[in-house]
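Here's a quick briefing on how the chains in this complex touch one another. Have a look at the sequence and the structure first, then read on.

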Amino acid sequence: MKAAPFAYHRAESAKEAADVLAEFGDEAKVLAGGQSLIPLLAMRLTHFENLVDISGIPELQGIDRVDDEVVIGAGTSHALVGMDDEVAESVPLLTRATPHIGHFQIRNRGTLGGAIAHADPAAEFAAVALTLDATIEAASSRGDRRIAASDFFTGLWENALAADELLRAVRFPVWSGRTGFAVHEFARRHGDFAIAGATVAVELDAEDRVRRVAVGLLGLGSTPHRGTPAERAVTGRPVSDIAADEFGRLALSELHDIPADLQGSASYRRRVGAAMVARAWTDATTEALDA
Amino acid sequence: MHELPVAVSVNGRPYRGTVEPRVTLADHLRENCGLTGTHLGCEHGACGACTVLLDGQAVRSCLVLAVQADGREVTTVEGIASGEGELSPVQAAMRECHGLQCGFCTPGFVTSITALLADNPDPSDEEIREGLSGNFCRCTGYQGIVNAVKRAAERINEGAAP
Amino acid sequence: MELNNEFRVAVPSATVWDVFTDVERVAPCLPGATLLSVDGDDFTGAVKVKVGPITVSYKGVATYQEKDADAARIVLKAEGKETRGNGTAAATVTAQLKDEGEATTVVITTDLAISGKAAQFGRGVLNDVSGNLISQFARSLEAELLGGATTSTAPTSTAPTSTASPTATTPTAAQPADSVNLLKVVAVPVAKRYGPVIAAAAAAGVIGYLAGRRNRTAAPTPSAELQALLTRLLA
Amino acid sequence: MTGTVAARYAGTRVPRVEDTRLLTGKGTFVDDVQRPGMLHACFVRSPFAHATINGIDSRAALALPGVHAVFTAAHINPGVHEAWHAVAGRDVPDTPRPPLAEGEVKFVGDPVAIVVAESRRLAEDAVDLVDVDYTPLPAVADFRKAVGSEVIVHEAYPDNVAGGMGGMPPDEELFASAAHVVQERIYQQMYVPVPMETRGIVVEWTAATSELTIWGSTQTPHELRAFAARLLGIPAQGVRVIVRDTGGGFGQKVVPMREDMSIMLAARQVSAPVKWIEDRRENLMSAGQSRHVDGTVRMAFDADGKILAADIDFVQDVGSYPTPYPVLTTAAIGMFFPGPYRVPKASFNYKTVFSNTPGLHAYRGPWQYETLTREMLLDIAARKIGMDPAELRRINILRGDEMPFFNPNGMPYDNCAPADTFEQAVKILDLEGFRKEQAEALAQGRYIGLGFSAYIEPTGAATGNLATEGATIRMESTGKINVYVNGGSAGNSIETTVVQLTADVLGANIDDVSTIQGDTAVTPYGAGTQGSRSAPMTAGAVHEAGAILRGQIVAIAAQMLGADADAIELADSRAVLIGDREKSVSFADIAYRSYYDPAQLAGVSPTLEATARFNSQAMIHWANATHACTCEVDIVTGQVRLTRYIVSEDVGPMINPNVVEGQVAGGTVQGIGGALLEQLAYDDAGNPIASTFVDYLLPTATEVPTIEFGHVEIPGPGVGGYKGAGEGGAIGSPPAVINAINDALAPLGVTITQLPATPAKIIELIEEQAEGTR
């Protein structure tokens, strides 16, 4: 299980990385943490003539609070995201999602940008980005642009970046007020890709009514999804009126591409997904009520 | 494909050489540095046998390219015991608790547990099991390994260096 | 694995027949396909399947096994080998045309056999990929048929999962993300020429896509039950 | 016997002598072996489950710089002289087993060609360039559809049946008239040993001297050597096998397989040492299959729940190229089905069938299906009769005072008391306490359950080459002692075991004893690690060689002390005059006299070494155990959480409780994996869909409970009363886990009979039941 030969470019800056991508286009691939890419190369399930290593680029590292957003550099490792106080304070959903990602040896190498760019439907950070309507910063030699998370995940392992674009950073909106956050997922073993999972962020008003709520769904399609019908249904309603199980079922009611594999049928995933949403909803609202 | 220069410090000793970019850190350690204590159990990042410390952090050396380790510090299982060969608290606890049988996965457990206890010297049972869940062992059923982590933690809390 | 796609186009079946029997026009409709040589009903080509970081390239031969004008059936058989690695892909594509005067319903049945690493990849990936590939093939064919036109008739489908109106308007279904993406990846020329058509075709694609997966995908909650859920929620 | 001393080390938790090197990265596994000029091999493997090979074009591969050779069946297969395996014997009719696929490939992963290149990376590059022209053929991937299928795996077996056997026919009258009769169809999935070190071999052929040196990863160094000599038709004395550390085997590394044969044969055609290290995908795709049985089991009971008869009728998948001859080993499933119970009548019938999947190979407790089905059926019966499963076992399980007991298939149980391990497990568990907790949990809508599993196991069976084991013990010129056995450290702690036993038999301090194993140039023949035989057989060998050496030591000591040999005992690495402890002589002085001052020996022989080959007179050492498992099932997700796990076992007196518990725990967790997680799955076309560790799910520390041990130590018939401990854990645990789940789900009317018990399958059954009762 050894990778086929490729050329290696160690980029010192985002610009340098973007230039290499511009030069080679489809024949180049960005190497960040490598925790997904290197196995695919080793198994010879894929091949690129050129790898552009961005793991050593200082400007892609780090976590900053900018106004009402937390901006996380693409090269920041899962481990750093998981232990960062600013993140824990302002984007707790990321902090709570981190322990579900693989194992600590993987989290030490894997990067937030890599996880989101890889766009695995079961990737926790991708789901959190979608849940919180984060913004993805893309850089290329043609210039920079911002992509809404809702437009970013375009298919199984596919994203909205052009071949010459680099994911530079992700901007996560900070929710304030009476908020609650929870992540629940179900995997065969600790650290495995989730069979189904849910991320829930909720904000309540002074009368315990749902001011806003966002539900992210993992492992329940070709991309991470939002539980839009459930969100729509409960917004403005008192928490006490909402049955968690119904909320969970409703969150999945419009999913049509739930996968089936060795680990379970689509209907099984639907059942588990609904349960994870219900459990996350219960935890998140409990937290918000206490806030 | 042309080779690139790589300079790594492994267990405090510098190793210079040139490698193909596709060579993993694990293969580089085994083939070019003569350090065969790091084992390959799957080569796709699942089993944990190849775990080493890269700048002090536990990583899968099968999921790191040798060229990515250029200019960095690597600690392998060969570098865990003292220079005089005295077992570290983790190694000693593994032996006392029958934490290994065939020994193939052992280097990955030793390095992982060493990093685990450096981060969290007083882990709960749940933290121990979660911390071990990225390393496969097919011989022990994990019983002795879990006990070894507890014992090593006691040792370290009594003042031994991890 | 058998994949089923069906669509209806406002084009007489004679036109459809002409397109389907012309490899120069059919081949480009297969995502990532390039035609290398044509020799009567035999031809050679290459297909590059790309799913995110995974790329599998096949090179191989194809032939028209059947061009039955009376039965309005075309059977195309293709076999390819991976250009890297030892995997293979073989497909028998049967197109059945139903003449409906000014319109034609096309039923495409694909019997796909893949071997090698691609066939061993877990997490149900192969199904997703093939499903996308073939539904995209069908959509591109449809676009090719509608060449130049700016509108297409509303697609129909026999799939039990077909609930076009309620779902097509929802975000999840209005963006059959992977197929749109396949457009980006492999069918750019087509997309450029027939942008608006593709959009409509894409919606049809969702249905074809679901049809291809009918055995694996639970029926979406019908809007009636949706209402029921809502009322119970807010009771 | 002269100078007998009490055991000091046997029975104690001596730290392992293997550990220090393994903990510091100084072990020597086969991939650690480097040889000058060594080349690397990689196999071209079939992407098809069944296909004709029309041709192989190696030109592009050979054109790649650094590629030395590409071998196909035409180059390799004609080199085979004899290819029989000792475990089956020379005269047993064997199934086909060509080194490389000839004309046809029969499973995905079937080796078709070997590329030899300067590095594994290059070899893999070249493998992608070998162009094999296949014509795909229909495949029979599911052995349950193989019998009578149009698809034929081997021409010589037109019905796809490799063989079969039947015992007494079932007593249908009895089954028709019994107060209670239960019948169940039980399917056990394909799951495999998965040693953390994959297979591998380094072969160095020196044509000038006709010497073959092999560095292997094997459970049987001496049989690897003997097999190589037979295969290549060269004298055994020209073959040397060197094995220091083997990273687990569990049956997969007992006999050389097709890839090993291919590399041995290829190495003779390459003027350099050749290394082949299997990668994980190859290991999961090609190393072999195990378990995978489908059958129907029945039991008849009287009104009180006493077993009247047991019947098992099953089909075992043997894949395409089983290793070795699979038909006889499978008979054990039938023979042991009555288990540790008072069963007056038993019958069995089975077929072994070919399929387009990897060949059946040994796996820890190869006959495990008998325990799985019997124990599952007993719980199902208990529910039907309205008895606690524990009570049903209690009234049927055999007691020590009933031994010897012949089971209805003629198995002569003895030197054991299954009832003792059962009662001990029940006691550790606190059965009443659990049933109370269970009722309370159910009242709160929580589903918790308890499962038992009891079995009796033939360890250290003394048949064929397994009946003997050799040992050489030498006192070196320093007075230190070296013990040489076939061994091969594969995780069974055999180095520590022989050091403990040797120290005891010679009255030496354990630090004065070392062992050399795995090098056939210096160790006597032994059958190696298989059949739970290492402890009883090696103990016999060390005992016999040690007795001779002890006599030699005592003789020299007697001469040095001017005393009668009978008056001398050996302890603390000294020979001491009984009754006058002041008069003693150290082993070092005895060795000095023998090696450097023999003139003083006055006719006493200076020999201080002995070799003996133990020939076990005990045919079988019956071990047994009872497992008890508790779990909680989340009926929303189907997740199973194991809460307690108890093993009470009798492996005779324990040489080292750490080692026994380590073996039991390791086997138990493999069985937990087999019950819940592991499945070497194939699709209908015969594609493996669990060929990586992402899809083949091994248990990790988070899925495994703490295991509580109970020990019963009834001496066996052999030396020291030791019995084998290697396989039991893996035999007992799958039914204990499944029974716990079925007990938890009983209130829902759900019973798992198809393994593994995945969350999805549990939910499927719960939903079906809900549909049915709605």
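What follows covers the chain pairs, then two of the interfaces.

This is a predicted model, so take it as such: local features need pLDDT of at least 70, side-chain atom pairs count only at pLDDT 80 or more, and totals for chains, interfaces and linings use all residues. Residues are numbered from 1 along each chain as its sequence is written, while chains are lettered from A and ligands numbered from 1 in the order in which they are written.

**Who touches whom**
- Five pairs of chains are in contact, and chains B and D share the most contacts (two residues are in contact if their C-beta atoms, placed from the backbone, lie within 7 Å).
- Chains B and C have no contact with each other, and their closest C-alpha atoms lie 13 Å apart.

**Chains D and B**
- Chain D puts 42 residues into this contact, and chain B puts in 42 residues.
- On the chain D side, the elements giving two or more residues are α1 (19-23) and α17 (657-676) (helices are DSSP runs of H or I, at least four residues, and strands are runs of E, at least two, numbered from the N terminus).
- α17(D) gives the most to that side, with six residues.
- The chain D side splits into 16 nonpolar, 16 polar and 10 charged residues (Ala, Val, Leu, Ile, Met, Phe, Trp, Tyr, Cys and Pro count as nonpolar, Asp, Glu, Lys and Arg as charged, and the others, Gly among them, as polar).

**Chains A and B**
- Here 23 residues come from chain A and 23 residues from chain B.
- β1 (7-10), α2 (37-42) and α6 (104-109) of chain A each give two or more residues to the side touching chain B, and α6(A) gives the most, with five residues.
- That chain A side is made up of 12 nonpolar, eight polar and three charged residues.
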